[in-house]
Amino acid sequence: RFKDTLETFYAQGGRVIDTSPNYGDAETVIGKLLAEIDIRDKVFMATKVDREDQQEGVERMTRSFRLLGGDKIDLMQVHNLRGTEVELETMRTWKQEGRIRYLGVTTHDPDQYDAMQDVMRRHPLDFIQLNYSLADRAAEKSILPLARDRGIAVLVNLPFARGQLFSAVKDLPLPDWAAEMDAFSWGQVFLKYLIAY
């Protein structure tokens with residue numbers, strides 16, 4: 001059950017929830033469960049907008065507010081750089097008004113990295129979101145150094161590469177050196193690699 005999953009996630013220390021209107025009825029389900037469990041104001045809520053037209057973007061984001069509940073959304077992101085210029089304009093205004101805390105852009109496609117770097121250089125972003133794991137290190141070449149230099153936080157998608165990393169080590173014992181970095185499972189090793197960048 002979704003409620004059990006969310007309760008376990010929260011009980012184990014999970015606080016960041018990232019969703020999108022594009023993920024089926026995810027915003028509806030998440031909003032209802034957060035209200036039911038009464039933790040809406042205790043999580044960092046991130047969602048996205050992906051409209052080329054500014055007014056359509058406003059409507060999309062307004063709907064996200066209604067479905068997810070709460071007085072503000074912590075992070076609003078331009079999804080896959082679609083409508084970046086018009087959506088960031090709205091998002092900057094909403095941030096000044098206190099409706100959102102942070103703004104950012106996302107991509108899952110390395111072919112968009114040049115465009116993402118351009119946006120990162122031209123706009124005062126708080127966050128970017130992209131795929132990054134030991135199996136997908138393309139972001140290390142340019143995106144992550146630029147984010148570091150500009151003080152932009154990074155949300156990582158697919159840190160286990162859709163399970164590929166676990167498949168690669170399924171018959172291997174955890175090496176002794178893992179304990180030196182306080183990692184006691186392969187999952188911890190994979191995550192510590194990401195945060196060590």
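## A tour from helix pair to pocket

Start by selecting helix α1 (residues 2-11) and helix α2 (residues 26-37), which pack at an angle of about 65° with their axes 10 Å apart. Helices here are DSSP runs of H or I with at least four residues, strands are E runs of at least two, and both are numbered from the N terminus. Axes are lines fitted to C-alpha atoms, for helices over the stretch in contact, and angles run from 0 to 180 degrees between N-to-C directions.

Before you click on, note that this is a predicted model: local features need pLDDT of at least 70, side-chain atom pairs count only at pLDDT 80 or more, and totals for chains, interfaces and linings use all residues. Residues are numbered from 1 along each chain as its sequence is written, and side-chain values use heavy atoms, with hydrogens and water left out.

Now show side chains between the two helices. Phe2, Lys3, Leu6 and Glu7 of α1 meet Val29, Leu33, Leu34, Glu36 and Ile37 of α2; contact means heavy atoms within 4.5 Å. By class, that makes 6 nonpolar, no polar and 3 charged residues (Ala, Val, Leu, Ile, Met, Phe, Trp, Tyr, Cys and Pro count as nonpolar, Asp, Glu, Lys and Arg as charged, and the others, Gly among them, as polar).

Follow α3 (residues 54-68) next: it lies across β2, β3 (73-78) and β4 (100-106), running at about 150° to β2.

Time for the sheet. Its 6 strands form an open, parallel arrangement in the order β1-β2-β3-β4-β5-β6, where pairing takes at least two DSSP bridges between strands. At the edges sit β1 (16-18) and β6 (153-157), each pairing on one side only. Zoom in on β1 and β2 (residues 44-49), paired in the parallel sense over 3 bridges, and you'll find Asp18 opposite Ala46.

Last stop, the largest pocket. Select Val16, Ile17, Asp18, Gln129, Val154, Leu155, Val156, Asn157, Leu158 and Pro159 to see its lining. (On a 1 Å grid over the protein atoms alone, a pocket is an open set of points where a 1.4 Å probe fits, with protein on both sides within 12 Å along at least five of seven lines; lining residues have an atom within 4 Å of a point.) β6 gives the most, with 4 residues.
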